[in-house]
Amino acid sequence: MTTDIPTHTLNDGTVLPQIGFGTYPLRGVEGVEAITSALQTGYRLIDSAVNYENEHEVGEALVRSEIPRSEVLLTTKIPGRFHEHQLAVQSVEDSLRRLGTDYLDLVLIHWPNPSVDRYVEAWQALVDVQERGLVRSIGVSNFTEAHLERVIERTGITPAVNQIELHPAFPQVEMRAVNERLGIRTESWSPLGRAKQDGPVGSEAVLSAAEAHGVEPAQVVLRWHVQLGSIPLPKSASPERQRSNLDVFGFELSEDEMGAITALGRPDGRLFGADPDTHEEM
């Protein structure tokens, strides 16, 4: 598998591959093996989080893969219980130790947790650790337009990334437009949605496109993300599925195929009702 994956340049100049590898809930020996396989398959953007409880596994996998640190982009996320400024700084420093590295490529605020209302403080902490050289790029996850505008107004610094729930059942048309207007790159968590027969992957829109292009349904959905300009972060412990998920740059969906997949969206399309204005994760 080639590692020559097309890239996006973020608003701070950092370059990210157009597809990455999600690591939740990969843990333990099997987690290390799966993440090592993903790296050896060709993934170079690895997405983790403090609350995934697998940063040690990600660091171990990087060592086992024997891929130079400079060729891999490591992401982690600050949990809600660390939003106070000094705790957010501590969270980053702790992640560095667990991952066994002296810098991170991307750190995100995992959820805004609006009832606690300290996400601006956490954002300022990320600005500070970036200035110290501990982090190359900083961003957010699950932020709405109001959350984004508030952190930008208060600090003058625009997030490089906003990682949001995005899949055909919940295409986030409005939020993607907000990110684009602000110059923020969208990343997609759970990019396949419910990857079962009754989910988007089993829909007629996806199956017909897969047949037309001679690819797997999951590849169609991931290609849909790529053509939207978002960065999908699929997770799989299967080496075969890892290779398949990464192999989405040899075909192109038509405008009609893209529209049919986007049309699968519905107002209640979230996987578990994770509305950033109400859902909180500490």
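In these legends, contact means heavy atoms within 4.5 Å. The structure shown is a predicted model.

**Figure 1. Ile46 and its surroundings in the largest nonpolar core.** Let us start inside the protein. The largest nonpolar core has 67 residues, and Ile46, Val92 and Leu126 touch the most other members. Helix α4 gives the most to this core, with 8 residues. Apart from this core lies another, of 10 residues, including Leu73, Val161, Ile231 and Leu233. Which residues is Ile46 in contact with, leaving aside its neighbours within four places in sequence? They are Phe21, Thr23, Ile35, Leu39, Val58, Val72, Leu73, Leu74 and Thr75.

**Figure 2. An open sheet of 8 strands.** Follow the strands across the sheet and you will meet them in the order β3-β4-β5-β6-β7-β8-β9-β10, with parallel pairing. At the edges are β3 (21-22) and β10 (231-232), each pairing on one side only. As a general point, strands of a sheet pair through backbone hydrogen bonds, either parallel or antiparallel.

**Figure 3. The pairing of β5, β6 and β7.** This view stays with three neighbours in the sheet. Strands β5 and β6 are joined in the parallel sense by 4 bridges, and here Thr75 stands opposite Leu106 in β6. Between β6 and β7, which also run parallel, there are 5 bridges. Val107 stands opposite Ile138 in β7. How many residues of β6 are buried? The count is 6 of its 6 residues, and the strand is mostly covered. In β7, 6 of the 7 residues are buried, so this strand is largely enclosed by the rest of the structure.

**Figure 4. Strands β8 and β9 side by side.** Further along the sheet, β8 (residues 161-165) pairs with β9 (residues 185-189) over 5 bridges, in the parallel sense. To find your bearings, look for Ile164, which stands opposite Ser188 in β9.

**Figure 5. Helix α4 across the sheet and against α5.** Helix α4 (residues 119-131) lies across β5 (73-78), β6 (104-109) and β7 (135-141), and runs at about 165° to β7. Helix α4 also packs with α5, at an angle of about 55° and with the two axes 10 Å apart. The two helices are therefore oblique to each other, and α4 passes α5 in a right-handed crossing. On the α4 side, the contact is made by Tyr119, Val120, Trp123 and Gln124. The α5 side supplies His147, Arg150, Val151, Arg154 and Thr155.

**Figure 6. The covered residues of helix α2.** Which residues of α2 (residues 55-65) are buried? They are Glu55, Glu57, Val58, Gly59, Ala61, Leu62 and Ser65. Their cover includes α1, β4 (45-47), β5 and α3 (85-99). Just after the helix, Glu66 takes a positive phi of about 65°.

**Figure 7. Helices α7 and α10 packed together.** The axes of α7 and α10 (residues 255-262) come within 9 Å and cross at roughly 150°. That angle makes α7 roughly antiparallel to α10, since angles over 145 degrees count as roughly antiparallel. Their crossing is left-handed.

Figure 8. The peptide bond from Tyr24 to Pro25 is cis, with omega near 0°. Pro25 lies in the loop between β3 and α1 (28-41).

Next comes Asn142, in the loop between β7 and α5 (145-155). Its phi is near 65°, a positive value in a residue other than glycine. Why does Asn142 count as buried? The reason is that its relative accessibility is 4%, and buried means under 20%.

Ser190 sits in the loop between β9 and α7 (204-213). Ser190 has a positive phi of about 50° although it is not a glycine. With a relative accessible area of 28%, Ser190 is partly exposed.

How values were computed. Residues are numbered from 1 along each chain as its sequence is written. This is a predicted model: local features need pLDDT of at least 70, side-chain atom pairs count only at pLDDT 80 or more; totals for chains, interfaces and linings use all residues. Side-chain values use heavy atoms; hydrogens and water are left out. Two strands pair if DSSP finds at least two bridges between them. Axes are lines fitted to C-alpha atoms, for helices over the stretch in contact, and angles run from 0 to 180 degrees between N-to-C directions. A nonpolar core is a set of buried Ala, Val, Leu, Ile, Met, Phe, Trp, Tyr and Cys residues joined through side-chain atoms within 4.5 Å. Buried means under 20% relative accessible area, exposed over 50%, partly exposed in between (1.4 Å probe, protein chains only). Angles under 35 degrees count as roughly parallel, over 145 as roughly antiparallel, 65 to 115 as roughly perpendicular and the rest as oblique. A crossing is left-handed if the near helix is turned anticlockwise from the far one by less than a right angle, and right-handed if clockwise.
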